[in-house]
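Thanks for making time. Let me put the structure up and then walk through it.

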Amino acid sequence: MTNLSLKKNAFYPGRPGPMVLIVMDGIGIGKQDDSNAVYLAKTPTLDKLFHAKLYTQLQAHGRAVGLPSDDDMGNSEIGHNALGAGRVFDQGAKLVNRAIESGSMFDGEVWKTAVTKALAGGTIHFIGLHSDGNVHSNTAQLYAMLRHAAKDGVKKCRVHILHDGRDVPEKSALVYIDATEKVLAEINAAYGADFRIASGGGRMVTTMDRYEADWRIVERGWHAHVLGQARPFASAQAAVETMYAENSQAVDQYLDPFVVVDENGQPVGTIQDGDAVVFFNFRGDRAIEITQAFEGGDEFQKFDRIRVPNVYYCGLMQYDGDLKLPKHFLVTPPAIDRTFCEYLCAEKVSMFAISETQKFGHVTYFWNGNRSGYIDPACEDYEEILSDRIEFDKKPLMKAQEITDWTVKALKSGKFRFGRLNFANGDMVGHTGNLAATIEAVEKVDTCVGTILQVIDELGGIAIVTADHGNADEMWTEKKGVRSPKTSHTLNPVPFCIYDPNYQGEYTMASVEHPGLANVAATVLNLLGYDAPEDYSPSLIRYDR
């Protein structure tokens, strides 16, 4: 059995008051220019923190969080994995790439079973986010699977595409459709196959809901992919071009669902009994609900599925290890063990975690190493504030105030030694590309952080203020004098600030080579008065002994 006990630090016992770790989702450190909503916003609280003695910057992308290269942007899932785990684990994209390169994916029983269904007269369907953003999925991985399916003898395949426009430029759907159509044409010509795009829609309105924020999104996807019920078009290209023409403000992530139909107006790719379905996202949060729709039996009541085909369903990865969703998956996800909150639970440290729906799973499921539920309900209290079902630039304040109010009460209650929270504003509003709304969102976060710091003052505690990745810090890019909205995450570092009103020089910021999000866990344990496990990434502080 793993020993989860912690050793008390001999030099620093921690503060008498509670500690709170504040994750300002999507608020990175970018260029000081008019592309940076964080820089443009009025942020008196952050200005003081960013110029204080106990401050540094952390890497939140690339190899620092387990991604294949430093060209890969970070995201909330792996950011919270790293914050909670205290070590760097190879993440989804890297694991999938390795399984494809080695051939182990295609040698496994799950792939072979999916192919067998198609060889027996069925169709193999691929559903997923259609871009190379490398946050939820990557079209390079889709193309590898399509080519291998054809090589294995599959003659009929349908692809159901979810437009991105968040992790890639907001109007790039046609670029990806063109690339995919070329791959499909190449396969059809080489193997005499029938591989086609069958349906799709924007990721924020079709299929990819998360945390049960709006099951209508999944229902729309089910109607399009499974039933063939959505607006009909002769091709995916025609669908996107028409929607662009109808609304000059339309962006990919919010495009309506569509189906591709033949010359008789019939859908070309409904999902039927005997088919195989591969969901090709490697990231789990926006894959869980559609998986439940496919795998849920008669007890599934989230929406009327109308018709539930008997299919072999698998995910690129398993999206929830505790709930075993899906039952079948192509690549084993990272095994994250011994998160720092497991150690704190073993020490019976009382804790809370809070966010609104959009990021609730990040401060719980992802923080705890991709595991659902409590580590120890006797020690923990999780609070979810329901997110509004609205485009986030329409209400950039989101639920920051409600999160702050709950946190203040929790801290003042005296019940908790440690708490963690996530303000979603910088990320969710930043993804809309609306600069003015994102500035407003950042300013709200700044105000709320200031309120919490006042309580830390009163209670003699400590606050850590950081972020999981950048987004609001780069709202547009410029090429050949033309500015384009940037809705994706950034490669910028994120802030790390320790607010300790009783600080007397007991510790200083350590000189850590290439500090990243994984270094935060050991730092938290140190500031709570514990030594960190020896194999954790080094603490960002050192004691002056």
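Start with a charge over a ring. Lysine 171 places its charged end over the ring of tyrosine 244, 4.6 Å from the ring centre. Keep in mind that this is a predicted model.

Now ring on ring. There are 19 aromatic pairs in the structure. Take phenylalanine 279 and tyrosine 319. Their pair is edge-to-face, with 6.3 Å from centre to centre and 85° between the planes. This pair links distant parts of the chain, 40 residues apart. Phenylalanine 279 is in strand E8, residues 276–279. Tyrosine 319 is in the loop between strand E9 (312–317) and strand E10 (329–331). Phenylalanine 279 has 0% relative accessibility, so it counts as buried. Tyrosine 319 is at 1%, so it counts as buried too.

Next pair: phenylalanine 294 and tyrosine 313. How do these rings sit, stacked or edge-to-face? The centres are 4.9 Å apart and the planes are at 20°, so the pair is stacked. Stacked needs planes under 30 degrees apart. Here too, distant parts of the chain are linked: phenylalanine 294 in helix H11 and tyrosine 313 in strand E9, 19 residues apart. Phenylalanine 294 is buried at 9% relative accessible area. Tyrosine 313 is buried at 4%. Both rings belong to a cluster: ring pairs link Trp215, Trp222, Phe294, Phe300, Phe303 and Tyr313.

On to leucine 129. It lies in strand E3, residues 124–129. Is leucine 129 buried or exposed? Its relative accessible area is 1%, and the cut-off for buried is under 20%, so leucine 129 is buried. What does leucine 129 touch, leaving out residues up to four places away in sequence? Its contacts include His136, Leu162, Asp167, Arg203 and Phe280. Met208 is another of its contacts. The C-alpha atoms of leucine 129 and methionine 208 are separated by 8.4 Å, and the two residues are 79 apart along the chain.

Helix H11 (288–295) and strand E12 (380–385) each supply at least two. By class, the lining of the largest pocket has 8 nonpolar, 5 polar and 6 charged residues.

The second largest pocket holds about 360 Å³. Its lining has 19 residues, with Asn247, Gln249, Ala250, Val251 and Tyr254 nearest the centre. They divide into 7 nonpolar, 5 polar and 7 charged.

Terms used. Residues are numbered from 1 along each chain as its sequence is written. This is a predicted model: local features need pLDDT of at least 70, side-chain atom pairs count only at pLDDT 80 or more; totals for chains, interfaces and linings use all residues. Side-chain values use heavy atoms; hydrogens and water are left out. Helices (H or I, at least four residues) and strands (E, at least two) are DSSP runs, numbered from the N terminus. Ala, Val, Leu, Ile, Met, Phe, Trp, Tyr, Cys and Pro count as nonpolar, Asp, Glu, Lys and Arg as charged, and the others, Gly among them, as polar. On a 1 Å grid over the protein atoms alone, a cavity is a set of points where a 1.4 Å probe fits but cannot get out, and a pocket is an open set with protein on both sides within 12 Å along at least five of seven lines; lining residues have an atom within 4 Å of a point. Grid points are joined across faces, edges and corners, and a volume is the space filled by probe spheres set on the points. Buried means under 20% relative accessible area, exposed over 50%, partly exposed in between (1.4 Å probe, protein chains only). Contact means heavy atoms within 4.5 Å. Rings of Phe, Tyr and Trp (its six-membered ring) pair if their centres lie within 6.5 Å; planes under 30 degrees apart count as stacked, over 60 as edge-to-face and the rest as tilted. A charge sits over a ring if NZ of Lys or CZ of Arg is within 6 Å of the ring centre and within 35 degrees of the ring normal.
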